[in-house]
Structure formats: structure tokens, C-alpha cells
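Thanks for coming, everyone. Please take a look at the model on the screen. I'll walk you through a few of its details.

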Amino acid sequence: MTETNAGDGTAADGAVAGEDGLARTPWAYGDPLLRTYYDTEWGMPVRDESGMFERLSLEGFQAGLSWLTILKKRERFRQVFKDFDAEAVAKFGEPEIESLLADAGIIRHRGKIEACIGNAKATLAMREEGGLGDFIWSFQPETTPRPRVLSEIPTTSPESLALSKALKKKGFRFVGPTTMYALMEAVGMVDTHVLGSHRRGASGVWND
């Protein structure tokens, strides 16, 4: 989720209460999909291979787009990418790529599609050294941000830069430092819910 670092640092960019009385980070509003994602999934720990591969892939597909666009297409992504089973995706060839490029239900970008297939192959190769999930979590920082407002939420970190470099060395693509920081937020490696949000600390990873 990379739509968080927007705002001028005013109080209006802090936690906002919804009609249910619960406070949330401002980006959670605007569409029911965003709010549900925020309230139930974003920032919760993900460690299994398929779950991590899915989120890594979706963050890559999001590059240059809004996260809401990805959420609206997520179920179709899951269908055509075999629930992000790395073994299945790694077998995709030109026929599957052409089919995906013709599917309006996903992001039709050849570079991102080919990267997803290549990343599936790289994911399989990582099984010999503990797996994708453990590898990514090995870059968890010692501390997490405690943002009061949107403008205090980082978009990169030394850890996301190191993770980006390490994944690229292993053959992964569309894994830049900003994308990797968004992944770290999504899977609970950092907690960037603004202070006052009812989801702050919900992951159990960080005591806040």
C-alpha cells in the first residue's frame, strides 16, 4: 500500500473516526474495499509461501497505480494466477502470457506479468534456504514507525532497500525499495497505522 505518504502534516491527516466510531488511518476511507482491507487484513502477519508470493506479486502489479485498482481486480488475479501457487505460475509460458494480456480483469502489462512468472521460479529456488517468507521476514527492522499523521509515514527504509537488493540478486523483479516497504507494511513487518487508529498494534508483532 503506497498511498499513505500524502498530506501536509496537519491534524486532518491523523486518525479519522468513521461512522462506527472507530478511528482509522485516512486512506482506509473512500471505498468499502479499502475499509474492509484495512480493518481485516492490512498489516497482519503473513509468512507462508503462497501468501507472501501473492502480496509480493500484487505490490509489483500496483507500481504506478492505486491500491484500490488492485483490490478491485484481486479475485481475478487469484483465479488466473492459480491462487498464487508458485509451482503452477512458474510453469506459465507464452500461451499463458498471451491469455493474461487479453484478460481485462487484471493489469495487462507484459513486463509485470513476466516478472510475476520469473518471481515464481525464484520463489521455488528459495525453498532450499528456508523459503520466501522467512527470507523476507529476516529483514524485519528492530523498531517500527509511530506516525501521528500521514506525512510521517516513510515510503522506504534501510531495511526495504536491503531487501530490494537481496531479492534482485536472487532474480526477483519489480521489487524496488518503495514497493518492498509497502510489502513490509502489508505483511506486518512494520506497523504504520497512525497513532489513534483502532488497528494500531493489531498484528501482535509490535507492542505499542
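Let's start with Lys-82, which counts as partly exposed because its relative accessibility is 46%. For that label, the value has to fall between 20% and 50%. One reminder before we go on: this is a predicted model.

So where does Lys-82 sit? Look at the loop between helix H3, residues 67–80, and helix H4, residues 86–89. Lys-82 is there. Now check its backbone. Lys-82 is not a glycine, yet its phi is positive, at about 55 degrees.

Is Phe-84 buried or exposed? Phe-84 is buried, because its relative accessibility is 1%, and buried means under 20%.

Next, the helix pairs. Find helix H5, residues 94–101, and helix H6, residues 110–125. At what angle do H5 and H6 pack? The angle is about 135 degrees, and the axes are 10 Å apart. Angles over 145 degrees count as roughly antiparallel, and 65 to 115 as roughly perpendicular.

Who touches whom? From H5 we have Glu-94, Ile-97, Glu-98, Leu-100 and Leu-101. Across from them, H6 brings Arg-110, Ile-113, Glu-114 and Ile-117. Sort the residues of that contact by type. You get 5 nonpolar and 4 charged, with no polar ones.

Now the second pair. Helix H2 covers residues 49–62, and helix H9 covers residues 177–186. H2 and H9 pack at about 135 degrees, with axes 10 Å apart. H2 is therefore oblique to H9. H2 passes H9 in a right-handed crossing.

Which residues make this contact? On the H2 side, they are Met-52, Arg-55, Leu-56, Glu-59 and Gly-60. On the H9 side, they are Thr-179, Met-180, Ala-182, Leu-183 and Ala-186. By type, the contact of H2 with H9 has 6 nonpolar residues, 2 polar and 2 charged.

Notes: Residues numbered from 1 in each chain as written. Predicted model: local features only at pLDDT ≥ 70, side-chain atom pairs only at ≥ 80, totals over all residues. Heavy atoms only, no water. Axes fitted to C-alpha atoms, helices over the stretch in contact; angles between N-to-C directions. Helix = DSSP H or I, 4+ residues; strand = E, 2+ residues; numbered from the N terminus. Contact = heavy atoms within 4.5 Å. Nonpolar A, V, L, I, M, F, W, Y, C, P; charged D, E, K, R; others polar. Parallel < 35°, antiparallel > 145°, perpendicular 65-115°, else oblique. Left-handed = near helix turned anticlockwise from the far one by under 90°. Buried < 20%, exposed > 50% of the residue type's maximum accessible area, 1.4 Å probe, protein only.
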